[in-house]
Amino acid sequence: MADPNSSPRPPLVTGDKTIADVTRDICAPLERGPTGLWWGALAVSCSALLLGVVAVGYQIAVGVGTWGLNKTVGWAFDITNFVFWVGIGHAGTLISAVLFLFRQKWRTAVNRSAEAMTLFAVVCAGIFPLIHMGRPWLAFWTLPYPNTRGSLWVNFKSPLLWDVFAISTYLLISAVFWYVGLIPDLATIRDRSGPGWRRRICSVLSLGWNGSARTWHRYETVYMLLAGLATPLVFSVHTIVSMDFATSVIPGWHTTIFPPYFVAGAIFSGLAMVLTLMIVARKVMRLEDYITHSHVDQMCKLMLSMGCIVGLAYGTEFFTAFYSGNGYEQFVFKNRALGPFCWAYWTMVTCNVVIPQLLWFRSVRASLPCVFALAIVVNIGMWFERFVIIVTSLHRDFLPSSWADYAPTSIEIATLLGSFGLFFSCFLIFCRFAPVIAMAEIKGAAHLGKPAAGRREAHRQEHAA
Amino acid sequence: MSPRTQAHQSPAPLRLEGLSRREFLEAAGFTLSIAAITGCGRAPVVTALPFAEQPEGVVPGRTLTYASTCPGCAAGCGLLVGVRDGRPLKMEGMPEHPLSRGGLCAVGQALPLGLYDSQRLAEPQQGGQAANWRQVDAQITKRLADIANSGQAVRLVTPTVTSPSLQAAIDRFLARFKDARHVLFDPVSSSAILDAHAKTHAARILPHYRFDAARLIVSFGADFLGTWISPVEFTAAWQTHRAPTEAQPTMSRHVQFEGRLSLTGAKADQRYRLAPDEYGLVLSHLLAKLATRAGESEPQADLAESPIAAAVLDQLAEELWNARGASLVVCDSQEVATQVLVNALNHRLGNYGQTLDLARPSRQRQGDDANVLALVEELRGGKIGALLVAGVDLTHNLPGREALARAIGNLPLSISFAERLDDFASLAQFVCPDHHPLESWSDAEPVQGLVSLSQPTLQPLGHTRSLLESLSRWSGRQEHAYDIVRATWRERVLPRSESTDFRPFWDQAVHDGFVQLDAGPAPTVSEFRGDAVELTTGRPVDQDLVLILYSKVGLTDSRHAHNPWLQELPDPITKVTWDNYVCVSPRLAGELGLTDGDLVRVDSGDPATGLELPVLVQPGQHDRVVAIALGYGVRGTDRFANIGPSWLEARPTLAPGELVGKNAAGLIALRDGGLHYVRGAIQLTETGARHELASTQLHHSLHIPANVAPHGAEVRDVVQQTTLAAYVRNPQAGAPESHHFSATQLWPEDHTPSGHHWGLVIDLNKCTGCSACVIACQSENNVPVVGKDEVRRQREMHWIRLDRYYSGDGDDVDVLQQPMLCQHCDNAPCETVCPVLATVHSPEGLNEQAYNRCVGTRYCANNCPYKVRRFNWFKYQRDDARQNLALNPDVTVRTRGVMEKCSLCVQRIEAGKIAARQRGEPIADGAILTACQQSCPAQAIVFGDRNDPDSRVSQALADPRRYRVLEEFNFRPAVAYSRVVRNRDKAPPPAGGGAPSTGGAAHG
């Protein structure tokens, strides 16, 4: 591994921080009282969450008919939101586990919040398969638990069952991974806090961390193992989600390209969401020295590459349909581009393929407002990708007699808003109660107090002067 | 102190401090057990008392079947009423019945819902107030006596009466009055046919049409497969020559001339668009050509140019000539002159005595319009003393309702016998509600010599009284309907039979439901009177719009408008529910700038008859024709405003105060002594408003819209068709050439059905799309009604639906009907995707749905290529305890949130298996009938065991016309179809290619 001092790369942390500075900076948002801005943001997200809770409560009380679905389009906003949120949840594990294994040290600035985001996104995602059921109170029937019904168990052939396993495993591993990473930082907070509830809670949660070499050794081992365990999940979860569609017979769903296509799309959307959050957080929480322009630049490049893969997948789908000679398949794709939902399709292409090409330009990557706007655009585009796949494939399938249209109801829109409310409420609370940057990791990765080679020269000159 | 007295003392307040462990446990145990006991009390205790003496043959839970006659219309189809624990539940066709041959239409199937309608009148009414029979009888008897003494006119209005008993009762009742007349008023009348026969044969009779004897059928507007006179009987007869086989590759030929697109026109081999005011001219041309062909040289009238190409008529005349004695020309015109021409044609072709029976005429339409018009005049002139109306809503079905209502208000006595407070009943002084036909004794003679019985199948639900009894009571007798019917049979029916002993004759008749009498008084018919024939020489001068008022398949007239099953039954051609509308041709719509749902004003010159209705663009309709369905806008149908589920965005089925559809009877023209359902000089004016129609189908063609159609796959061949000529050359003609797929399975068969392997074959060539199967299934399987808003949201629940496709994209279209139900695929896509195994394959090849297990992910419905699965979006069950009596106890009523679909009537399969096991015999082929198959008037559906090589279903599967929908995907459905074969030269467009399907200048 290259010596960071000789690396041409920009430093991970700017502003000549000492280790103490890092601790102080990162803990500051926790120890400061909440700002008006935070309260305002929490009020907005909690209102959205409340709206969602009311909508879901109403839907469960009255029936799935309160959504705009029909005999032909049996899934729409529900599963779109599910896949969207699962996708968002992907960047977290990618950044924390995969980049960890590849020793990409820049990840330390963003991995904590990305993992938290993953966790909250998966929670949001998990709600939708539950509430989309006609009888959600019987959702536990999808678990293979011992029962008294004789041979009646779950159907291991059903991709929905694989989903249950994939999502629950992912949620569990992400939560454990996140929590294990938090332990040293929780200990830091514990040690900085005066007597009070914060100290007590952190004492329990930090599991008696004492900073000994032995503790560190154990910690590093566990973290490495968990990263190894989590890495396959990055690929498996969305692969399995894609199989909900790929194993069906519906043209537009029944396609072998879906697993890689979905994984790339998931990472794409996840990165966009991480960027959205980070750009706001670094500003508001005054962490510009930790989440630097170079981080944003790295993420933009990754996002651009994922965007290109997604674009390639869109093209490949059309080529496969053309080359298949299958009229049903060809129709579905022509219908996507030119049919009643073409506006959704072209929104998707514009947002996911066309606009991200701007990221080739360094000036665009360097402009935070541009990157922020782009990340939002990609988020919108990726939501529409799932909507296009689900709704356009279903609404015009085999028998023309059953072709139908779809329009969401207010309940569905409120439920989507509610999921955003849940996500942001969780994230805001996380920002107040846990360090958004992994202090322990960044201290280890950033070689603080040892100015980098180039800057050391400048330093010396400064001294000489 | 005994525990008893202790319990009466007020308990000492519980003090927690001094509570010992034992006391605490006691208190906790008491609390827990009380909580558990109160929690268990879910339902009030209802005592079910067993029969003190078990009636013979009554076994709880077992269906008893009673033979009866369908009271839905005057056609008199044979009916088997399935009665379960004292409740009639399921109406089935009677296979032995010589007319209906086991078929039963949608209206007949829907009878139970009418029976258990909680809005039927439960007691007589006087002046709008509930009364009792004693009062009502006393007053009516007194007033009738006054009228009899003063010699005022008495008019009794009924629709066609085929019942000998009722006719006798009416005659007896009217005999006491000096000026009394029985006015036969059919809301959809065929009076002109009878009047034409009065002219040509000197007998006002309706011939009995024998479609089974006809090799060539030419129909001018007569929708004989859908609504005309006796559609079930005609369909059953028509289908006998509609299934070509390899051994006998022949079929009848059916040519239809019509203005609107009817169900019958949709099935025709050749269909020509012809405005109804030009029927006479085309008939005259045909008559002239046949006269020439017959070698007559009588001077030909100078005929105006025919709107149908001369070559077409020449060919048709040639075909008719060749099919002399085996052809049949029918027409629904209400112009007597036109019907005379039809008679002349049939006479010229020698069809009388062959395909038209005058010796045993039909009695299914006896309406006498001249009498009705006279009655209207008398009413306006205030010359009537008493008006009694039974079985028909007089004011709803006649134009000029307001004037009639005023006249009725001034009558000394007006009596209605309506089941519900219909329009006339709301005006009448007395309402003496008749029983529902399933509650009372009656009889019918739909065709001379065939007399059938109706028997009650349950105790009357309200304090209603049979019309027979009411008339008898007011005639001074006190007879029971049963005795009246028996007396009629003893006096009038028995003498016509070969039996002499009444008791066994009657018992046999009650058992069989009908008797066929060899000898009957044949009507006196004169020789054909050629001088009555007057050729129509001119064309209508003004080429303005012509209105056709028609009755909707499965609703007919206003009598059944209170039946939500029938209101939600999609029209088989337009697929629209819960509304009537103005059908216009695509060209006319283009000229007027109209699209589906635009509200237009229909004017006929008289401002009082103006009507605002939404437009429906109907391909295949004549450009000069505007068509509106009758039987809508019925009083009281505002009850359906909130029939659908109520939720945040639910839109009521009807606006406040609105009725289901609009009554178009105001547009009926009363002229030339007839009720005319066709009238010219119609104006359509756009109002600018819109009214969203609820259609179950949004895309109407096998063609993919051009902008998204892939090259080479512009058409979906889910319905395959060919011509008879091509079929003769190659029995597999019509099969798409592209499907060379291997039947090889990827996996070895691991669950081959070794016992039974059920299968169903539908002959699309026989299926007319009459939709009887839809209602049969709804009745059998407790399929809920969801209301107009849910239909608009594409959430109708029917387990079997009629997919209707137009093929051809010119003005003339071929119509293809395809009943679509769960295909019970052996490689079912729905089964693999259910996470909880709620849908699984049975060892007998059925795709089964376990409602209890379903959690409602809807993945199965998404993955179903046939889109036959239906989801319970809401709780559709209703709290109407009366209406819920119509539910079939053999079939689970599904809860909210579960998926449902066709089970191939698994309850009937199991019942058949149990019955066979009890007899110790194998299940006979044909012993198990699905509900759709049982009701099918065309016998297009065959169900049976595919593992039995001799079964009818196995033979049907071996037919070269057989194909499966989406066969190339290897879902291996258990349901197969037989290709449509049209008896014509020109190949149909390959499942709908570009060329217009009928010959060139086929319309004016």
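Two residues are taken to be in contact if their C-beta atoms, placed from the backbone, lie within 7 Å. In this predicted model, that criterion links six residues of domain 1 of chain B to nine residues of domain 4 of chain B. On the domain 1 side of this boundary, the elements that give two or more residues are α3 (106-109) and α4 (111-115) of chain B.

Chain B holds 28 helices and 41 strands. Its radius of gyration is 30 Å, close to the 30 Å that the globule rule gives for 1004 residues, so chain B is as compact as a globular protein of that length. Chain A, by contrast in its secondary structure, comes to 16 helices and zero strands. For chain A the radius of gyration is 24 Å, which agrees with the value near 23 Å that a compact globule of 465 residues would have. The table sets out further values for each chain.

| Chain | Span along the principal axes | Buried residues | Share of contacts at least 6 apart in sequence that join residues at least 24 apart |
|---|---|---|---|
| Chain A | roughly 85 × 55 × 40 Å | 51% of 465 residues | 83% |
| Chain B | about 125 × 85 × 65 Å | 57% of the 1004 residues | 74% |

**Confidence in chain A**

Chain A averages a pLDDT of 85, and 92% of its residues score at least 70. Over residues 1-6 of chain A, however, the pLDDT is below 50, and this stretch has six contacts in the model beyond near neighbours in sequence. Residues 451-459 of chain A likewise stay under 50 in pLDDT, and for them the model has six contacts beyond four places in sequence. Where pLDDT is low, the predicted coordinates should not be read in detail.

**The interface between the chains**

Across the boundary between the two chains, 53 residues of chain B are in contact with 49 residues of chain A. By class, the side of chain B that touches chain A has 30 nonpolar, 13 polar and ten charged residues.

**The nonpolar core**

The largest nonpolar core has 420 residues, and those with the most contacts inside it are A:L271, A:V274, A:M303 and B:V582. Helix α8 (residues 258-284) of chain A gives the most to this core, with 15 residues. For A:L271, leaving aside its neighbours within four places in sequence, the residues in contact are A:A91, A:M299, A:L302, A:M303 and A:M306.

**Two residues of chain B**

B:T653 lies in the loop between β25 (625-630) and β26 (669-671) of chain B. With 29 other C-beta atoms within 10 Å, B:T653 is buried, because a residue counts as buried if 20 or more such atoms lie within that distance. Apart from neighbours within four places in sequence, B:T653 is in contact with B:W578, B:F640, B:A641, B:I643, B:G644, B:G787, B:K788 and B:D789. One of these, B:F640, is 13 residues from B:T653 along the chain, and the C-alpha atoms of the two are separated by 6.8 Å.

B:R917 lies in helix α26 (residues 906-919) of chain B. B:R917 has 11 other C-beta atoms within 10 Å and is therefore exposed, since the cut-off for an exposed residue is 12 or fewer. From B:R917 to B:L837 the separation is 80 residues in sequence and 30 Å in space, C-alpha to C-alpha.

How values were computed
Residues numbered from 1 in each chain as written. Chains lettered and ligands numbered in written order. Predicted model: local features only at pLDDT ≥ 70, side-chain atom pairs only at ≥ 80, totals over all residues. Nonpolar A, V, L, I, M, F, W, Y, C, P; charged D, E, K, R; others polar. pLDDT = per-residue confidence, 0-100. Helix = DSSP H or I, 4+ residues; strand = E, 2+ residues; numbered from the N terminus. Rg over C-alpha atoms; globule rule 2.2 N^0.38 Å. Core = buried A, V, L, I, M, F, W, Y, C linked by C-beta atoms within 7 Å.
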